[in-house]
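I wanted to look at a protein–DNA contact and at one helix pair.

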2 protein chains.
Amino acid sequence: MLDAAVDAFAERGFGGTSTRDVAVRAGRSPAAVYVHYDSKEALLYAISLEGHMAALDCLKLAYASSEDPAARLHAMVFAFSDWHMENARLARVVQYELHALSKVHRADIVSLRRRFHRVMVGAVRDGIRAGQFQVDDVNGTARALLSLCIDLVRWFDPARGRNSRAIAQLNADLALRMVGDV
Amino acid sequence: MLDAAVDAFAERGFGGTSTRDVAVRAGRSPAAVYVHYDSKEALLYAISLEGHMAALDCLKLAYASSEDPAARLHAMVFAFSDWHMENARLARVVQYELHALSKVHRADIVSLRRRFHRVMVGAVRDGIRAGQFQVDDVNGTARALLSLCIDLVRWFDPARGRNSRAIAQLNADLALRMVGDV
DNA sequence: GTCTATATGTTGATAGAC
DNA sequence: GTCTATCAACATATAGAC
């Protein structure tokens, strides 16, 4: 059911998807949605929460994968780019459907999202402290690094068989240039 | 009426917006929408077409603003970033609601979109030819440069009064690093 | 061109049988 | 938990008066 909703929301947007679309994709009756979820919005919240936690885990894991600032940042941008391509439909819902959440649920998710920024800022600061990165605007640069990864969900289509490894590799290489890695 | 639709689509998405929402925002009756547009989708197409042409003009103008590859690329990324912030709501509809267009209209817009890529590829090649840029993957790098600008529409909110000039400046500076400007 | 009124289908969500 | 059946509200779009 969750999978069906992810597919539908990613394809048509939350507003463009009916609970019937979701149910039909899951091979169930329209009423079956409401056995597990109180509302269409609750379904989106469940997806958004799961997706954000998975993406955050991915980013943190990459952060912890190395002690060297350059290798660390490279790993983070590679992994985060890769996650957005390997989980393209989920990632799209995660990144584009925040507006459809209730006020309370949105606040929850927004606070989760701040952590992505904090982790990336940490990685950039590590490199500056080690004398390896040359960055003036730490917050802005961290934002740009995340943008590079996140924007993949706008156009990347797994069905078109593009080489996601090569794209992740390029993004990671560009990231090191962006921080003035020396 | 177009303005009202841009606001509504940007805020709730195409699927999440009713023609009544649009009409009410424009201070008209629900039927008034159909005097000028055949359908809700035709309204989106008009917005999308106008938005894409304006954005493309902006990018081409910046391309023509300088002969020096570095200054040219800097101007392009600055202008394109700035456009996405100064026209945040329109830009959001332009970038996120392609999926809601009819097959024919979408094909129209997609062919327009290829031009953005071509212009950016041209700018990168100019710098390589002049010996100023060091880039292996021209297509991928051009894609990443556009990503940096486009992803602004996901989070930038004009109402929050952030310094859009500083953000455009940072993006432009990062762009020169990404192409290995020497 | 604008409106009111309305046709016709779809929507989110519920009731109650099995 | 799943279904069928259904409700009340809402959707897109049209008709016809002014």
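My notes on both topics follow.

**Ground rules.** This is a predicted model, where local features need pLDDT of at least 70, side-chain atom pairs count only at pLDDT 80 or more, and totals for chains, interfaces and linings use all residues. Residues are numbered from 1 along each chain as written, chains are lettered from A and ligands numbered from 1 in written order, and side-chain values use heavy atoms, without hydrogens or water.

**DNA strand C.** I looked up what surrounds DNA strand C and found 15 residues, the closest being Thr19(A), Tyr34(A), Lys40(A), Ser29(B) and Val35(B). Near here means a heavy atom within 4 Å.

A backbone N or O atom of Thr19(A) sits 2.6 Å from one, and for Lys40(A) the distance is 2.9 Å. Ser29(B) places a polar backbone atom 2.8 Å from a phosphate oxygen.

**Helix pair in chain B.** I then turned to H5 (residues 69–86) and H7 (residues 103–129) of chain B, which pack at about 150° with axes 8 Å apart. Helices are DSSP runs (H or I, at least four residues), and angles run from 0 to 180 degrees between N-to-C directions of axes fitted to C-alpha atoms over the stretch in contact. H5(B) and H7(B) are therefore roughly antiparallel (over 145 degrees).

Among the residues meeting there (heavy atoms within 4.5 Å), I noted Leu73(B) and Phe80(B) from H5(B), and Phe116(B) and Met120(B) from H7(B).

Notes: A polar contact is a pair of N or O atoms within 3.5 Å; within protein, one must be able to donate a hydrogen and the other to accept it, and residues adjacent in sequence count only if both atoms are side-chain atoms. Helices (H or I, at least four residues) and strands (E, at least two) are DSSP runs, numbered from the N terminus. Angles under 35 degrees count as roughly parallel, over 145 as roughly antiparallel, 65 to 115 as roughly perpendicular and the rest as oblique.
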